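Open the model in your viewer and keep the selection tool ready. This tour moves from a pocket to a pair of helices.

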Amino acid sequence: MRLLLVEDNVPLADELVASLSRNGYAIDWLTDGRDAEYQGASEPYDLIILDLGLPGKPGLEVLRAWRAGGLTTPVLILTARGSWAERIDGLKAGADDYLTKPFHPEELLLRIQALLRRAHGLANQPMLQAGGLELDESRQCCRKDGQDIELTAGEFRLLRYFMLHPGQLLSKTQLTEHLYDGETERDSNVIEVHVNRLRGKLGRELIETRRGQGYRFGGQP
């Protein structure tokens, strides 16, 4: 999953980028509200983490511009301790959730997981489930028929995206756009390698290839 982090506190941003990367997310990081308004609306992010106190353009104005332009990407806002009015304004402007600074990175991860599941109609799942699998995002492994199956980092990222989009036809272009950040060289052949490895571990029937179109996980939508 590809996330946009908009935060001008460099030490905090460095910590969040490292934590989110370890947990299988591709992260683009911006510090200026004007840059964030443009990039958030033009790149295919799965979720945006937005600080409200930004240089260039306040985060609240950025969020309002996104929503006025029709952007439906989930947005989690970061606010200062005790700023209840700011939180209310953010929710009114279209934020999906908020987190008050300081916070523990684990809480941010859990909120991101919940927002992504909710965005894909899976809000009632305490653990991501699809295609007869359960995905343990904290351990980056999956369970099938009562057995744990270990995954590499690349396999985990791809399987999580598949499981959030069961039954949908996903092109290689779409997969690479959502599995890599803006600075990483994108190679669709890597997707094919990971697909073949997942088939070897989970069974060939779980991931269907549509020649010239892409892949479909878990059968019919």
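What classes of residue make up the lining of the largest pocket? Two are nonpolar, five are polar and five are charged. The model you are looking at is predicted.

Now select that lining yourself. Pick K172, E192, V195, N196 and R199.

Which of the elements gives the most? Helix 8 does, with four residues.

Select residues 33–42 for helix 2 and residues 59–68 for helix 3. Two packed helices are described by the angle between their axes and the distance between the axes. Here the axes come within 9 Å and cross at roughly 25°. Angles under 35 degrees count as roughly parallel, so helix 2 is roughly parallel to helix 3. Is the crossing left-handed or right-handed? Helix 2 passes helix 3 in a right-handed crossing.

Now show the side chains where the two helices meet. From helix 2, select G33, A36, E37, G40 and A41. From helix 3, select V62, A65 and W66. These two groups meet each other. By class, the contact of helix 2 with helix 3 has five nonpolar residues, two polar ones and one charged one.

Methods:
Residues are numbered from 1 along each chain as its sequence is written. This is a predicted model: local features need pLDDT of at least 70, side-chain atom pairs count only at pLDDT 80 or more; totals for chains, interfaces and linings use all residues. Side-chain values use heavy atoms; hydrogens and water are left out. On a 1 Å grid over the protein atoms alone, a cavity is a set of points where a 1.4 Å probe fits but cannot get out, and a pocket is an open set with protein on both sides within 12 Å along at least five of seven lines; lining residues have an atom within 4 Å of a point. Ala, Val, Leu, Ile, Met, Phe, Trp, Tyr, Cys and Pro count as nonpolar, Asp, Glu, Lys and Arg as charged, and the others, Gly among them, as polar. Axes are lines fitted to C-alpha atoms, for helices over the stretch in contact, and angles run from 0 to 180 degrees between N-to-C directions. Angles under 35 degrees count as roughly parallel, over 145 as roughly antiparallel, 65 to 115 as roughly perpendicular and the rest as oblique. A crossing is left-handed if the near helix is turned anticlockwise from the far one by less than a right angle, and right-handed if clockwise. Contact means heavy atoms within 4.5 Å.
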